[in-house]
Amino acid sequence: MKKRSILSFLIVLIILIVPIIHAVPYEISLQGILEDSSGTRKPSITVKMNFTVHDALTDGSQIYKKNAFVKTDKNAVWDIILEEMNTSFKDQMFLGIAVEN
């Protein structure tokens, strides 16, 4: 009887843990300091930024893209979370960031 209870407990535990393991969010948190081409910081502004992720440094396939308006704080620091990335993160990837004028 005791072995059956332990086995039942282990089965329930596995059933509860498997969804948690697969529920790992596929996202990246990024932070940076926004500067213009002369190196002057750009505090307290909103800019459109384009984020892309590729599977190779050159001639690779784009596997993720997000365009977002990002606001800098008083020190020109910005942050964003790139969400819903459909990747396992097991392979090397390359991030591209472009700031529109």
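Trainee: How many salt bridges does a search of the whole structure find?

Mentor: One. Keep in mind that this is a predicted model.

Trainee: Which residues form the salt bridge, and what makes the pair count as one?

Mentor: Asp36 and Lys42 form the salt bridge. Their closest N and O atoms are 3.7 Å apart. The cut-off is within 4 Å, so the pair qualifies.

Trainee: Why is Asp36 called partly exposed?

Mentor: Its relative accessibility is 28%. Buried means under 20% and exposed means over 50%, so Asp36 falls in between. Lys42, at 31%, is partly exposed because that value also lies between those limits.

Trainee: Which residues does Thr52 touch, not counting residues up to four places away in sequence?

Mentor: Gln62, Tyr64, Lys65, Phe94, Leu95 and Gly96. Thr52 itself lies in strand β2, residues 46–54.

Trainee: What makes β2 and β3 a pair?

Mentor: They share nine bridges, in the antiparallel sense. At least two are needed, so the strands pair. Here Thr52 stands opposite Lys65 in β3.

Trainee: How do you know that β2 pairs with β5?

Mentor: By the same test: six bridges, with at least two required, so they pair, again in the antiparallel sense. Val53 stands opposite Leu95 in β5.

Trainee: Why is the link between the side chains of Thr52 and His54 called a polar contact?

Mentor: It spans 3.3 Å.

Methods
Residues numbered from 1 in each chain as written. Predicted model: local features only at pLDDT ≥ 70, side-chain atom pairs only at ≥ 80, totals over all residues. Heavy atoms only, no water. Helix = DSSP H or I, 4+ residues; strand = E, 2+ residues; numbered from the N terminus. Polar contact = N/O pair within 3.5 Å; in protein donor to acceptor, adjacent residues only side chain to side chain. Contact = heavy atoms within 4.5 Å. Salt bridge = Lys/Arg side-chain N within 4 Å of Asp/Glu carboxyl O. Buried < 20%, exposed > 50% of the residue type's maximum accessible area, 1.4 Å probe, protein only.
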